[in-house]
Amino acid sequence: LSRGEYPFPTDQIIAINFPHTRKNYRIFPDGHLETVNKQKSFDSITDMYDNLPLDQWNHTVQPHCGGGQTKLAKDPASTKYQENDGSILFLQYGQSDFMFVPTKYVNEFAEAAELHLKHKIWIECAFNTVADMVHRKAGASIRAVNFCTKWGDERGSVDMVDTCITNNIAMGFLHPLKMSKGYRTYSEMYERAQ
């Protein structure tokens, strides 16, 4: 995680598993989509979802994800984020639990995030794309760190941390402890992670 003992100060965006953990695609202002390498073209987000080996996450085709991304690509306010061919690159979705953005990039980050909010795009479908937009337009470098998490009842628990330790997973971020598990559990979890 760190250069030396601590990761700060840094001028890098620090993100979880960024940027190549999910599939990405291009959306054009006329609403059609293409694969990143431009090998295939699709009429809609649903057409792409049905015909590409994307992660099977049904929110991709909903208005709060792919539908909003399509609206964003059609929005004249998005032109500054367009590639030379007029498309905008989107990541399907990603973890959105943590990200550090240096103050020198906050205005650019806020502008890209506001554009996603305008089209009611869920944070899971926006977070990594916003960071990528800041990377492309402001030259920010992005450092990926590992994220200790699990789905289900173990999430945010001592057992989750034990699993990461047992599997020798380097931990840059820990999924937040659910405060309902109590202070003693919180204290024990962070003692084990050190």
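**Questions about a predicted fold**

Biologist: Why is Tyr93 called buried?

Modeller: Its relative accessible area is 15%. Buried means under 20%, exposed means over 50%, and partly exposed lies in between, using a 1.4 Å probe and protein chains only, so Tyr93 counts as buried. A word on the source: this is a predicted model, in which local features need pLDDT of at least 70 and side-chain atom pairs count only at pLDDT 80 or more, while totals for chains, interfaces and linings use all residues. Residues are numbered from 1 along each chain as its sequence is written, and side-chain values use heavy atoms, leaving out hydrogens and water.

Biologist: How many aromatic pairs are there, and what makes the pair of Trp57 and Tyr93 stacked or edge-to-face?

Modeller: There are 2 aromatic pairs. In the pair of Trp57 and Tyr93, the centres are 4.3 Å apart and the planes 25 degrees apart. Rings of Phe, Tyr and Trp (its six-membered ring) pair if their centres lie within 6.5 Å; planes under 30 degrees apart are stacked, over 60 edge-to-face, and the rest tilted. This pair is therefore stacked. Trp57 sits in the loop between helix 1 and helix 2, and Tyr93 in the loop between strand 5 and strand 6, 36 residues apart. Helices (H or I, at least four residues) and strands (E, at least two) are DSSP runs numbered from the N terminus.

Biologist: Why is the pair of Phe98 and Phe147 called edge-to-face?

Modeller: The ring centres are 5.9 Å apart and the planes stand at 75 degrees, so the pair lands in the edge-to-face class. Phe98 is in the loop between strand 5 and strand 6 and Phe147 in strand 8 (residues 147–148), so the pair ties together parts 49 residues apart in sequence. Phe98, at 25%, is partly exposed, whereas Phe147, at 9%, is buried.

Biologist: How do you know that Asp85 and Arg26 form a salt bridge?

Modeller: Their closest N and O atoms are 3.5 Å apart. A salt bridge needs a side-chain nitrogen of Lys or Arg within 4 Å of a carboxyl oxygen of Asp or Glu, so the pair qualifies. The structure holds 7 such bridges. Asp85 lies in the loop between helix 2 (63–74) and strand 5 (88–91) and Arg26 in strand 2 (residues 24–27), so this bridge ties together parts 59 residues apart in sequence. Arg26 is buried at 10%, while Asp85 is partly exposed at 28%.

Biologist: What else does Asp85 form a salt bridge with?

Modeller: Asp85 also meets Lys38, with the closest N and O atoms 2.5 Å apart. Lys38 is in the loop between strand 3 (33–35) and strand 4 (41–42), so this pair ties together parts 47 residues apart. Lys38 is partly exposed at 43%. Another salt bridge joins Glu108 and Lys80, at 3.2 Å from N to O. Glu108 is in helix 3 (residues 106–118) and Lys80 in the loop between helix 2 and strand 5, 28 residues apart. Through shared partners, Arg26, Lys38 and Asp85 join into one network.

Biologist: What makes strand 1 and strand 7 a pair?

Modeller: Two strands pair if DSSP finds at least two bridges between them. Strand 1 and strand 7 (residues 142–145) share 4 and run parallel, so they pass. Ile16 has Val145 as its bridge partner there. Strand 1 also has 2 bridges to strand 6 (residues 99–100), running antiparallel, with Ala15 partnered by Met99.

Biologist: Which residues touch the most other members of the largest nonpolar core?

Modeller: Tyr25, Leu33, Met48, Leu72, Phe90 and Met99 do, among 33 residues. A nonpolar core is a set of buried Ala, Val, Leu, Ile, Met, Phe, Trp, Tyr and Cys residues joined through side-chain atoms within 4.5 Å. Helix 4 gives the largest share, 7 residues.

Biologist: How do you know that helix 4 has close to its expected span?

Modeller: The expected span is 1.5 Å times one less than the number of residues. Helix 4 has 16 residues and reaches 21 Å from first C-alpha to last, close to the expected 22 Å. Gly139 follows helix 4, with a positive phi near 75 degrees.
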